[in-house]
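Subject: Structure for you to look at

Hello,

Here is the structure I said I would pass on.

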Amino acid sequence: MSSSQRGPQPAERTVSLVTLGCARNEVDSEELAGRLEAAGWTLTGGGAASVVLVNTCGFIEAAKQESVSELLDAAASGAKVVAAGCLAERYGNSLAAELPEAQVLSFDDYGDIAARLDSVLAGERRPAHEPRDRRRLLPLAPANRSSGAGFHPPGHGQHAGQHAATDTLVAGGGILDLPPGTGPASGPRTPRRRLAEGPVAPLKIASGCDRRCSFCAIPAFRGAFLSRPPADLIAEAEWLAAHGVRELVLVSENSTSYGKDLGNPRLLDEVLPALAAVGGIDRIRVSYLQPAEVRPGLVEVMTATPGVAPYFDLSFQHASGRVLRAMRRFGDRERFGALLAEIRRACPEVGIRSNFIVGFPGETTADLEELQRFLSEARLDAIGIFGYSDEDGTEAATLDGQLDPAEIARRVDDLADLADEVMAQRAADRTGEIVDVLIEEDLGGGRYLGRAAHQAPEVDGSTTVRGSSGAAIGELVTARVAESEGVDLVADAVAAPRPLPGRAGTR
């Protein structure tokens, strides 16, 4: 049914969409927003709404508690509350029983999210789903997953086709007229509505993970690894560029596995130059790289392709070989050091970040010293230190050698202090470097805030550019680093801002 046939929508069909967690959740929320607007729901942008839809995070204990608090706060507002996302998928009916204030949805509900919210608004209560191991929904062999086997995780599309040059999607034999600014999250299929302004947007390249890290529950509720076809990525990149995006952050649970289920384990090497060539896109950034899967060819593409940021978000997790084996992961301090040396030979000014888990079961003083030595030697630009916590259904939760929470907290504090020193020194080492800064905020007085190629959004610090009059949000300004303040840089413009390229018409 077209929008003209639907007639006026009741005022109470308003929804506030709250997103918690990672950039993958941000993409999922934009799919939900696109689907809801296409069906006549009005997004309030955080104002009063008849329904509050919370896209939850279920990664670690702190994220779970934040999600529950957000759901309770929403219920206190008097609105009807719906829980979606990872916490809802992971716990399903048990979450619904513990939190009767909210209705709990599965990823499988996303394709019909408007109808689900209509039933909530009508006072109906659907039984929450029984959690299941979503890895079993796809064939074990990656090569047999290319069709998706009828399984569509968020952001991979469920509709049949699109009318060219319009914001119209074909769905179930009918036509959905999408509001202006709504576009395809999966090439010609899934609607997406941008919820955040600014020149940066995440682009989901795959979902799920085939690794079996002993501390991680994500594969069980996100499913097995499934790549999106390159044509879908290009179509979405073009749509995002047409709506003002200058930098794409490629997200997934494991970006280095991209293409293995499409018959080409080196497909990321090929799709990066294609995405960088999309008109209007100035910078491509890749996140979530597994060290064990970083090949020389990928290093070359990521350090030598114009438009691809020389930036490596490497999931090291520890540096002790003994602890890493207990985590069911690859590597040790020497191997990780060799990988970093290889990357820096290709591009000395490369940006590198990683996260580390402290207090894993059985972690000894010697293991901790090995990690401290690695952090001191590795010269990483950004470091995240997290204390280990048991996760339901994981192997690590059953291991001997569990450490006292107070001891874990002490180790986290010690490592975080070291990490701060290392990051500050690495930033200071960049004094005198020439950097291209994507401008994101006008601070006034000829000063602008942005990020250089080695700085990912929200997590890696920022660069203040001085002496660049007339720059606009979304422009790249070339500057020389003059000083550092912790992880942040201060740089002086050395060239006029690059002009904004012409934008293609909206798709």
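In this predicted model, Arg 322 and Asp 367 meet through their side chains in a salt bridge, at 2.5 Å from N to O. Arg 322 belongs to helix α10 (residues 321-326) and Asp 367 to helix α12 (residues 365-378), so the pair ties together parts that are 45 residues apart in sequence.

Another salt bridge joins Glu 395 to Arg 328, with the closest N and O atoms 2.6 Å apart. This pair also links distant parts of the chain, 67 residues apart: Glu 395 is in the loop between β18 (382-387) and α13, and Arg 328 is in the loop between α10 and α11 (333-346). Glu 395 is partly exposed, with 33% relative accessibility.

Glu 236 and Arg 228 form a salt bridge as well, their closest N and O atoms being 2.9 Å apart. Here both residues are buried.

How many salt bridges does the structure hold? There are 44. Some charged residues are linked in a network of salt bridges, made up of Arg 24, Asp 28, Lys 204, Arg 222 and Glu 253.

Last, the surface. Asp 413, Asp 417, Asp 420 and Glu 421 form a negative patch there. Glu 421 lies in helix α13 (residues 405-429). Its relative accessible area is 55%, and because the cut-off for exposed is over 50%, Glu 421 counts as exposed.

Regards

Note on methods:
Residues numbered from 1 in each chain as written. Predicted model: local features only at pLDDT ≥ 70, side-chain atom pairs only at ≥ 80, totals over all residues. Heavy atoms only, no water. Patch = residues over 30% accessible without salt bridge, like charges linked within 9 Å, V, L, I, M, F, W, Y side chains within 5 Å. Areas by Shrake-Rupley, 256 points an atom, 1.4 Å probe, with all protein chains shown as cover. Salt bridge = Lys/Arg side-chain N within 4 Å of Asp/Glu carboxyl O. Lys, Arg positive; Asp, Glu negative; His and termini not counted. Charge placed at Lys NZ, Arg CZ, Asp CG, Glu CD. Helix = DSSP H or I, 4+ residues; strand = E, 2+ residues; numbered from the N terminus. Buried < 20%, exposed > 50% of the residue type's maximum accessible area, 1.4 Å probe, protein only.
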